[in-house]
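Here are my notes on this one, as numbered points. Have the model open while you read.

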Amino acid sequence: MEATSKRDFAYAMTPIKVLSWSVGTWPLQKYNVFAKIRAYFAITFLTLMVMIIYAEMFLDYRDAEKSLDAMVIFTSGILAIAKVYRFHVWPENLIKNFVSASTDYNKFYSKEKRAILRRHAYMGRMACASLIGFAYFSATLFSAVAMLVGKEEEIVVNATEAPDYPIPSELVLELVQIPKYLYFIVFVMEYLMLIYTSNGNLGSDSLFLGITFHLCGQVEVLKMEIIKLTNENERTSKNFKVLVERHIYLMQLAKMLIETISWLLVFQLFSSCVLICTSGFQFILALSAGNVILTLKTFMVMSACLVQLFGYSYTGHYLKNQMESVGHSTYFSAWYDLPREVAKSMIYVIMRAQDPVELKAGSFFVVNMETYMSIIKTSMSYLSVLRVMVNS
């Protein structure tokens, strides 16, 4: 049983650990000097990338395709820096949740409960694979286009003759007079910048979504235990008190997670909306012009934004429903067969479950599937206005 628990924990947490350890945000690490080196190296590396892109945009703002690439990478870099800094400098809430998850997996759960945790671990892995898959593919696509396509959109044979870089930086590198023989080194460094941006931005999202899905799994286990409370051998106030304390504890963990990501989500939602509008508009123009490369790039950017936004919206919606369903499970259990003192106490569980535990941006904007649809509709409305303005 202990070996099974370790395998379940590894199944749930290994992908998250691989992504977050490289940028120093893995909550179960030892917060020593090596962890600080990884985190601050990532922040410095990403800050250098943001500065280069900002300078490039300042030097040349007339190329629409370059401006779009610069805006996408610049926004992703800012988000990556903010998330790495937040998760590393103030990791207390994440540490409490991951320690709780580690404790949960070390318990000798029944086969049925392990199946619930395994299913939610699978949901976390799928969210992680979707987010980081889009991010890595986009980073590779940006680099492949820079290596294989010249300014006249002709494939070059020798990569050292390619005039482009993975991130918009040609004028900056020309300004600082980087020798041409260092092209490959600069190219690799910029590709690593994109990978670090992916790990810092979408990798941090995977960490948050993975632990949130585990918390939802624990709520599912709690609901099953409440329903089983009507069993003849478990109708005691002591057992019910344990479940009440567990419910309060899970609600506290959920509120800690919401507090951790709350203000980051404000910029996340705003940037996603802007990028969906601009990349969608560029996608339409590139499609009408027959530019295959630009069409593919803008489609990947738009898809990555939609997947990232959907991940947060679905997780917030699922978390809210799971927390509310504790009250429903309590009400629909056979409470009328329980001892009077236990049945009366169940009212407080139902009342507490009515207090919505919702994923919020800035503590005022609820993030759920309704929010997702609202942002999509708003983005499409602005996109239609932009299209009409260009056509007129």
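1. Start with the biggest hole: the largest cavity has a volume of about 360 Å³. Of its 23 lining residues, Val72, Ser76, Ser138, Leu202 and Ala304 are the closest to the centre. A cavity here is a set of points, on a 1 Å grid over the protein atoms alone, where a 1.4 Å probe fits but cannot get out, and lining residues have an atom within 4 Å of a point. Volume is the space filled by probe spheres set on the points, which are joined across faces, edges and corners.

2. Before going further, a caveat: this is a predicted model, where local features need pLDDT of at least 70 and side-chain atom pairs count only at pLDDT 80 or more, while totals for chains, interfaces and linings use all residues. Residues are numbered from 1 along each chain as its sequence is written, and side-chain values use heavy atoms, with hydrogens and water left out.

3. Who builds that largest cavity? Helix 3 (64-89), helix 5 (111-148), helix 7 (183-228), helix 8 (237-289) and helix 9 (292-332) each give at least two residues to its lining. Helices are DSSP runs (H or I, at least four residues) and strands likewise (E, at least two), numbered from the N terminus. The lining has 13 nonpolar, 10 polar and no charged residues. Nonpolar means Ala, Val, Leu, Ile, Met, Phe, Trp, Tyr, Cys and Pro; charged means Asp, Glu, Lys and Arg; the others, Gly among them, are polar.

4. Next, the second largest cavity, at about 70 Å³. It has 13 lining residues, and Ala12, Ile16, Ala121, Gly124 and Gly210 sit closest to its centre. Helix 1 (2-21), helix 5 and helix 7 each supply two or more of the lining residues, with helix 5 giving the largest share, six.

5. Now look at helix 7 against helix 9: the axes are 10 Å apart and the angle is about 15°. Axes are lines fitted to C-alpha atoms, for helices over the stretch in contact, and angles run from 0 to 180 degrees between N-to-C directions. The two helices are therefore roughly parallel (angles under 35 degrees count as such). Their contact has 16 nonpolar, nine polar and three charged residues.

6. Last, the record: an unreviewed UniProt entry lists "transmembrane region" spans, including 37-55 and 292-314. In the model, residues 37-55 are 100% helix, with end C-alpha atoms 27 Å apart. Residues 292-314 are also 100% helix, with ends 32 Å apart.

Definitions and conventions: 1 Å grid on protein atoms, 1.4 Å probe; cavity = no way out; pocket = protein on both sides within 12 Å on 5 of 7 lines; lining within 4 Å. Parallel < 35°, antiparallel > 145°, perpendicular 65-115°, else oblique. UniProt positions renumbered as here; feature names shortened; annotations may be inferred.
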